[in-house]
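Please look over the structure below and keep it in view.

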Amino acid sequence: MKKLFAMFVFFVAFAVHNASAQVPSLRAGVLKFGTVNWELQTIKAYGLDKAEGFNLEIVPFAGKQASVTALYGDAVDVIVNDWIWVARQRHEGRHFSFIPYSRMVGAMMADPKDQIKSLPDLTGKKIGIAGGPVDKSWLLFQAVALKEHGFDLAKNVETVFGAPPLLSKKLESGELDAVINFWHFAAKLEAKGFERVLNVADALQVMGLDENVPMIGYVFGPRFEQNMKLKQALSRASRKAKEILATDEQAWAKIKPLMKAKNEATYQALKTGFLNGVPSKWGQGERAGASSLFELLSQLGGTKLVGKAKTIPQGTFVKDVSY
């Protein structure tokens, strides 16, 4: 009897091990305190990865470039970046591919007491820009200034480039008159009483482009080029996590410590900003909108932004992910 029981335990353990070994792991390299963690932790907390047949491993990094380097070296399987970067990488022979995560990019923020209501009001002002000289928001805002006001924004302001948190602090202290910052920093500033001069979505609309095109997404490494099943599985898990966050306050309670909101106003601003960025659809129309946007940004940013790519290379967007 003892021998039979021992054999039974062995076979059960073998079966469990064999089953778990067949579940593929997906290593996601993300910024340690990045907002994508809110979604990934929701996926883990609700077992959405297991339900979709994979095991999500969250690999934290201190900086964006570290996660990019890890993807280059196959140390992670997926990171978060924009599809413009993916298109450039693809054109240069790196077979990365993209599925949507968020529409949110950034905004220009200013102190309401300075009466900066439109782009011409920035004449002679000092602007902080978080993404560098070819930051996509900065390029779009320049295009809007020229189209709507015949105003050369770059020639009429003083620009300061720096890290997002530092620029926000300099705006708060009055050292800067306005900042172009990423959405979560803009949300935090809004909670402190600062106002939006211009959103990226509004800029896209002015330029005749689709403001609903998701800009940020999950970027898969080359070894997943043909693994359509796992790409679709992450896309479904991502959308289910967003559905939970849109309807269940308890889901936010689970991730609230990650948000590091100093007060209720900041917490609510971050929550609202995240939910406003959820892509409602992704199909041929959005892909066409992305192509038009790429064409514009390639003209504005040139090779420093898009390299030698003139159009979005085939395979940039995972073809079998649509909703």
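Buried means under 20% relative accessible area, exposed over 50%, and partly exposed in between, with a 1.4 Å probe and protein chains only. Helices are DSSP runs of H or I with at least four residues, strands are runs of E with at least two, and both are numbered from the N terminus. This is a predicted model: local features need pLDDT of at least 70, side-chain atom pairs count only at pLDDT 80 or more, and totals for chains, interfaces and linings use all residues. Residues are numbered from 1 along each chain as its sequence is written, and side-chain values use heavy atoms, with hydrogens and water left out.

## Helix α8

Helix α8 spans residues 164–173, and P164, L167, S168 and L171 are buried in it. These residues cover an arc of only 100° around the axis, so they sit on the same side of α8. The arc is that of the directions from the helix axis to the C-beta atoms. An α-helix has 3.6 residues a turn, so residues three or four places apart point the same way.

What covers this buried set? The cover includes β5, β6 (126–129), β7 (158–161), β8 (178–182) and α9. Contact here means heavy atoms within 4.5 Å. Just after α8 comes G174, with a positive phi of about 90°.

## Helix α2 and T42

Helix α2 is largely enclosed by the rest of the structure, because 7 of its 10 residues are buried. The buried residues of α2 are V36, N37, W38, E39, L40, T42 and I43. G47 follows α2 and has a positive phi, near 65°.

T42 lies in this helix, which runs over residues 36–45. Its relative accessible area is 2%, so T42 is buried. Which residues does T42 contact, leaving aside neighbours within four places in sequence? They are L48, A241, I244, L245 and I255.

A polar atom of its side chain lies 2.7 Å from the backbone oxygen of W38. A polar contact is a pair of N or O atoms within 3.5 Å; within protein, one must be able to donate a hydrogen and the other to accept it, and residues adjacent in sequence count only if both atoms are side-chain atoms.

## L270 in α13

L270 is part of helix α13. L270 counts as buried because its relative accessibility is 1%. Neighbours within four places in sequence aside, L270 is in contact with W38, W183, H184, A187, K188, M259 and A261. L270 and F185 are 85 residues apart in sequence, and their C-alpha atoms are 8.9 Å apart in space.

## Pockets and cavities

Rolling a probe the size of a water molecule over the atoms shows where empty space is left. The search uses a 1 Å grid over the protein atoms alone: a cavity is a set of points where a 1.4 Å probe fits but cannot get out, a pocket is an open set with protein on both sides within 12 Å along at least five of seven lines, and lining residues have an atom within 4 Å of a point. Grid points are joined across faces, edges and corners, and a volume is the space filled by probe spheres set on the points. For the classes, Ala, Val, Leu, Ile, Met, Phe, Trp, Tyr, Cys and Pro count as nonpolar, Asp, Glu, Lys and Arg as charged, and the others, Gly among them, as polar.

| Space | Volume |
|---|---|
| Largest pocket | about 1,400 Å³ |
| Second largest pocket | about 360 Å³ |
| Largest cavity | about 40 Å³ |
| Second largest cavity | about 30 Å³ |

The largest pocket is lined by 50 residues, and L31, K64, V80, F182 and H184 are the closest to its centre. Helix α4 (residues 64–72) gives the largest share of that lining, 5 residues. The lining of the largest pocket has 29 nonpolar, 12 polar and 9 charged residues.

The second largest pocket has 21 lining residues, with M104, R196, N199, A201 and N276 closest to its centre. Its lining has 11 nonpolar, 5 polar and 5 charged residues.

The count comes to 2 cavities of 30 Å³ or more. V105, K136, S137, L140, V200, L204, M215, L293 and L297 line the largest cavity. Helix α6 gives the most to that lining, with 3 residues. The second largest cavity is lined by A130, G131, D135, S137, I180, N181 and F182. Strand β8 gives the most there, with 3 residues.
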